[in-house]
Amino acid sequence: YNLDVEALARVNQIRAEHKIYVGQTLRLDTASVSEAGRNKVQPNQNKPIVRVDTNVDIVAAQRAKWRRPTQGKVIKSFSYSASKGVGHKGIDIQARIGQAVYASKDGVVVYAGSGLQAYGNLLIVKHAQNFLSAYAHNSRLSVAEGERVKAGEKIAEAGKTGTTYEHLHFEIRKQGVPVNPMRLLEL
């Protein structure tokens with residue numbers, strides 16, 4: 001709605017930390033706040049009211065914005081259980097050595113290296129809303145730490161570093177917790 005955060009907070013009497021909660025109703029009529037009485041709201045029936053819906057899966061709402069990182073068949077599925085802390089934390093996509101690997105979403109490269117042996121040559125990209133994507137077992141990295149990348153931009157070449165067969169291991173994490181990439185990717 002292209003609204004000023006401070007005005008939106010005043011209209012909804014939200015405190016300085018600007019936290020909103022599931023089930024909360026938000027008034028979007030920021031024009032109804034008078035400058036003289038900043039906390040006085042005159043209702044305007046023509047402006048929308050938005051309810052923060054408990055049924056909306058915020059992760060699923062991001063679905064259209066995540067691109068497939070490379071072409072190929074998924075040869076190993078996501079099976080991670082957060083409660084048990086075990087399972088496969090991403091998906092493995094069959095890929096030949098040198099095959100292009102693309103950024104799934106706009107972000108900033110926060111790691112580019114081979115310091116985690118089980119992941120080989122690894123790229124980690126940080127995205128908005130506490131998301132990370134990881135691209136492992138690359139033969140070559142095309143970007144460096146600190147670089148901004150765009151969705152669809154080539155960032156690496158697939159390989160088999162840190163593993164015994166050619167593929168791309170791909171993970172998406174929200175606030176550090178692995179989520180099933182297949183629920184987010186455009187297929």
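How many helices and strands are there in the protein chain? The chain of this predicted model holds 2 helices and 12 strands, taken as DSSP runs (helices H or I, at least four residues; strands E, at least two) and numbered from the N terminus. Residues are numbered from 1 along each chain as its sequence is written, and side-chain values use heavy atoms, without hydrogens and water. Local features need pLDDT of at least 70 and side-chain atom pairs count only at pLDDT 80 or more, while totals for chains, interfaces and linings use all residues.

The average pLDDT, the predictor's confidence in each residue from 0 to 100, is 81 for the protein chain. Over residues 34-64, pLDDT stays under 50. Where pLDDT is low, the predicted coordinates should not be read in detail.

Strand 11 pairs (at least two DSSP bridges) in the antiparallel sense with strand 4 over 4 bridges and with strand 8 over 6 bridges. Isoleucine 91 stands opposite phenylalanine 170 of strand 11, and phenylalanine 131 faces lysine 174. On to strand 12 (residues 177-179), strand 11 is joined by 3 antiparallel bridges, with arginine 173 partnered by proline 178. The hairpin of these two strands has 2 residues between them, and glutamine 175 there takes a positive phi near 50°.

Definitions and conventions: Contact means heavy atoms within 4.5 Å.
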